[in-house]
Amino acid sequence: MTILWDARPAAVDTYGFALGGAAEVIQAGPRESRLLEEDASHTLVVIGPDIPLASACELAERERVERPELGVILLRHRLEVTTLAQALRSGVREVVQADDQPAIAESVRRSESLTVALAGAHAAGGASEGKVVTVFSAKGGVGKTTLSVNLAVHLALSGARTLLVDLDLMFGDVAISLQLEPRGSIGDLVSMAGHLDAQGLASVTTTHAASGLHVVTAPSDPGEAERVPSPLVVELLREARTHYDYVVLDTPPSFTEHVLAALDVSDLTLLIATLDIPAIKNLRLVINTLDTLGASADSRCVVLNRSDAKVGLRADDVEAALKRPIAASVPSSLSVPASTNRGVPILLDEPRSPVSLAIRGLADAEIRSRFGEQPRTGSKRSFGLRWSKK
Ligand SMILES: Nc1ncnc2c1ncn2[C@@H]1O[C@H](COP(=O)(O)OP(=O)(O)O)[C@@H](O)[C@H]1O
Ligand SMILES: [Mg+2]
């Protein structure tokens, strides 16, 4: 998320578009507002043209030591060499003319890429590796995309650095579900196979402004899918888990070579069931296949979507047929397709709806707690990742 520090509350209307739509405006400085301390998901502070240069430089200087990944962009009514020099020396990433919206947008994009790269370098320097969570089912239309998108949005909103990758390479609809205009896709990584680095990953990553979630979309041309070799998926995940706390994978409804490669490195697989016999039969086959492949049974759980559908089959029938418990249930709601059609995940569109509550519960119980994440004391919105020791 971006903080816009500006004396005028209306500044969000002036700059909102260039900032990607999701900025929190503060009139007092970030230190006074304690926003940076309380919410680790902020990655950028944009400082309005009327904030004194000295205050801006003071913030940049402090944060460059405390949080080097945080970007600071300074807007000024006029660009003067002395201002520029002083600002850049103090750690401001860029100084941009306040009325040049395209330049502001471009500078925000560059800062985001740099933040990803720096966070990666930081993670590689000893922090725990991120966790890969795959959402899978061998049947289409059961809610894989809906659940992976909303789970990833929730994780990102909770302050975890989260990447969503669309592995439905031919018919992926993550981009459209989030109304993203992708900067690139997984197809653009083909030329980097074998030497993919942080910069390469950042170059195909698009940020979902409303949540701060990062996304690698599927190619827009289905023909490109077959040019993506499966080792590239492994390389992508290896690189991604050094930069992110969570990497969530949406998948196609079959065991493609890309899915198999991903399952191999997943820390958790969420298997999506619905209350119909073909879906359950397919899920049994999936579980058998995973057993045959030697995947650990502890690292998977069954999620029942549209759990309240009145179709003559009940949750206990599913548990009996699969011989395993259902870890979480998500009810049906017409708001789900409606929000998908609007390109706004239901978690943001109707955060209090039973579907949103169920998805948050699933993320908290089966993902965040499982991996030892604990809320930091003292603040409601800030969560530090503390992985449990294996
Ligand atoms: N809990 C739910 N309640 C109502 N509709 C849902 C629910 N989950 C998914 N849907 C709808 O079902 C359709 C298929 O969902 P999708 O997530 O695209 O499935 P998949 O990715 O498995 O093919 C979409 O129109 C979606 O909006
Ligand atoms: Mg899908």
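**View 1. Thr2 sits in strand β1, which spans residues 2-5.** Strands here (E, at least two residues) and helices (H or I, at least four) are DSSP runs, numbered from the N terminus. Is Thr2 buried or exposed? Thr2 counts as buried, with 6% relative accessibility; buried means under 20% relative accessible area, exposed over 50%, and partly exposed in between (1.4 Å probe, protein chains only). Apart from neighbours within four places in sequence, Thr2 is in contact (heavy atoms within 4.5 Å) with Leu19, Ala22, Ala23, Glu24, His42, Leu44 and Val46. This is a predicted model in which local features need pLDDT of at least 70 and side-chain atom pairs count only at pLDDT 80 or more, while totals for chains, interfaces and linings use all residues. Residues are numbered from 1 along each chain as its sequence is written, chains are lettered from A and ligands numbered from 1 in the order in which they are written, and side-chain values use heavy atoms, leaving out hydrogens and water.

**View 2. Strand β1 belongs to an open, parallel sheet of five strands, ordered β2-β1-β3-β4-β5.** The edges are β2 (23-26) and β5 (94-97); each has a single partner strand, so one side of each is left without a neighbour in the sheet. Two strands pair if DSSP finds at least two bridges between them. β1 and β3 (residues 44-47) run parallel and are joined by four bridges. Look for Trp5, whose bridge partner in β3 is Ile47. Helix α4 (residues 53-66) packs on this sheet, touching β1, β3 and β4 (71-76).

**View 3. Leu84 lies in helix α5, residues 81-90.** Leu84 is partly exposed, at a relative accessible area of 30%. α5 packs on the sheet and touches β4 and β5.

**View 4. Eight strands make an open sheet with mixed pairing, in the order β8-β9-β7-β10-β6-β11-β12-β13.** At its edges stand β8 (206-208) and β13 (326-330), each with a single partner strand, so one side of each has no neighbour in the sheet. Four bridges link β6 and β11, which run parallel. Phe136 stands opposite Leu271 in β11.

**View 5. Helix α11 (residues 257-265) has buried residues His258, Val259, Ala261, Ala262 and Leu263.** What do these buried residues pack against? Their partners are β6 (131-136), α10 (230-243), β10 (246-250), β11 (268-273) and α12 (277-292).

Conventions
Axes are lines fitted to C-alpha atoms, for helices over the stretch in contact, and angles run from 0 to 180 degrees between N-to-C directions.
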